[in-house]
Amino acid sequence: MYALVDRPVESLTNSGRFLLWAMRGWTQAATRGVCPPQALRRGFAETGALAALPDFHVAMALIATGAAAPIELAPMPCVQISEHEAILLGLWRDFSLGDGGAARATLALLVGNSSVGPVAHAMRAAIERLAFAGFHLSVLAAGAMKHQESSK
């Protein structure tokens, strides 16, 4: 996860950039008092990933409300990946790779043991629906690609 810190957003795969956009958009909407799913709906719908939005929202809401310390994501136009963004991207990647043990251990540090199960469940469900829409979160950085990426 720390391999992504301070890297350019452009170094992410299309799937990674979509996930980062969604996380930043969710955070910005919540901060402004706007309903995050409503703010993200168009982007998820246009990419065929609308079915993933409810679970993505639940995961982000549980992380945001259960965090031991505030989770701070960069503003949308920022061209670098922040530390907290790298940690969250790493969690999504670990769950998509089936590495639940590592992801759960990291989640426990972020949100406490009582929230780990619900967050993990929501993340896995969102990952499954994102994969169905063509987003593959197991490889987030372009330098790590070993295959041709889809158009999403």
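Axes here are lines fitted to C-alpha atoms, for helices over the stretch in contact, and angles run from 0 to 180 degrees between N-to-C directions. Two packed helices are described by the angle between their axes and the distance between the axes. The model is predicted, so local features need pLDDT of at least 70 and side-chain atom pairs count only at pLDDT 80 or more, while totals for chains, interfaces and linings use all residues. Residues are numbered from 1 along each chain as its sequence is written, and side-chain values use heavy atoms, with hydrogens and water left out.

The protein chain contains 6 helices and 0 strands, where helices (H or I, at least four residues) and strands (E, at least two) are DSSP runs numbered from the N terminus. Along the sequence the pattern reads α-α-α-α-α-α. The radius of gyration, taken over C-alpha atoms, can be set against a globule rule of 2.2 Å times the number of residues to the power 0.38. For 152 residues a compact globule would have a value near 15 Å, and the 14 Å of the protein chain agrees with that. The C-alpha atoms fill a box of roughly 40 × 30 × 30 Å along the principal axes.

Of the 152 residues, 45% count as buried; buried means under 20% relative accessible area, exposed over 50%, and partly exposed in between (1.4 Å probe, protein chains only). A contact means heavy atoms within 4.5 Å. Among contacts with a separation of 6 or more, 68% are between residues 24 or more positions apart.

The axes of H1 and H3 come within 11 Å and cross at roughly 55 degrees. H1 and H3 are therefore oblique to each other, on a scale where angles under 35 degrees count as roughly parallel, over 145 as roughly antiparallel, 65 to 115 as roughly perpendicular and the rest as oblique. H1 passes H3 in a right-handed crossing; a crossing is right-handed if the near helix is turned clockwise from the far one by less than a right angle, and left-handed if anticlockwise. On the H1 side the meeting residues are Leu 19, Ala 22, Met 23, Trp 26 and Thr 27, and on the H3 side Phe 56, His 57, Met 60, Ala 61 and Ala 64. This contact has 8 nonpolar, 2 polar and no charged residues, where Ala, Val, Leu, Ile, Met, Phe, Trp, Tyr, Cys and Pro count as nonpolar, Asp, Glu, Lys and Arg as charged, and the others, Gly among them, as polar.

H3 (residues 53–66) also packs with H6 (residues 113–132), at about 150 degrees and with axes 8 Å apart. H3 and H6 are therefore roughly antiparallel. The contact includes Phe 56 and Leu 62 of H3 and Ala 122 and Arg 129 of H6; by class it has 11 nonpolar, no polar and 2 charged residues. H4 (residues 83–96) and H5 (residues 100–111) cross at roughly 150 degrees, their axes coming within 8 Å, and the crossing is left-handed.

Leu 137, in the segment after H6, is buried, with a relative accessible area of 3%. Among the residues that Leu 137 touches are Leu 19, Trp 92 and Ile 127. Asp 6, in the segment before H1 (14–32), is exposed at 53%. Asp 6 and Ser 82 are 76 residues apart in sequence, yet 5.9 Å apart in space, C-alpha to C-alpha.

Note on methods:
Lists of a residue's contacts leave out its neighbours within four places in sequence.
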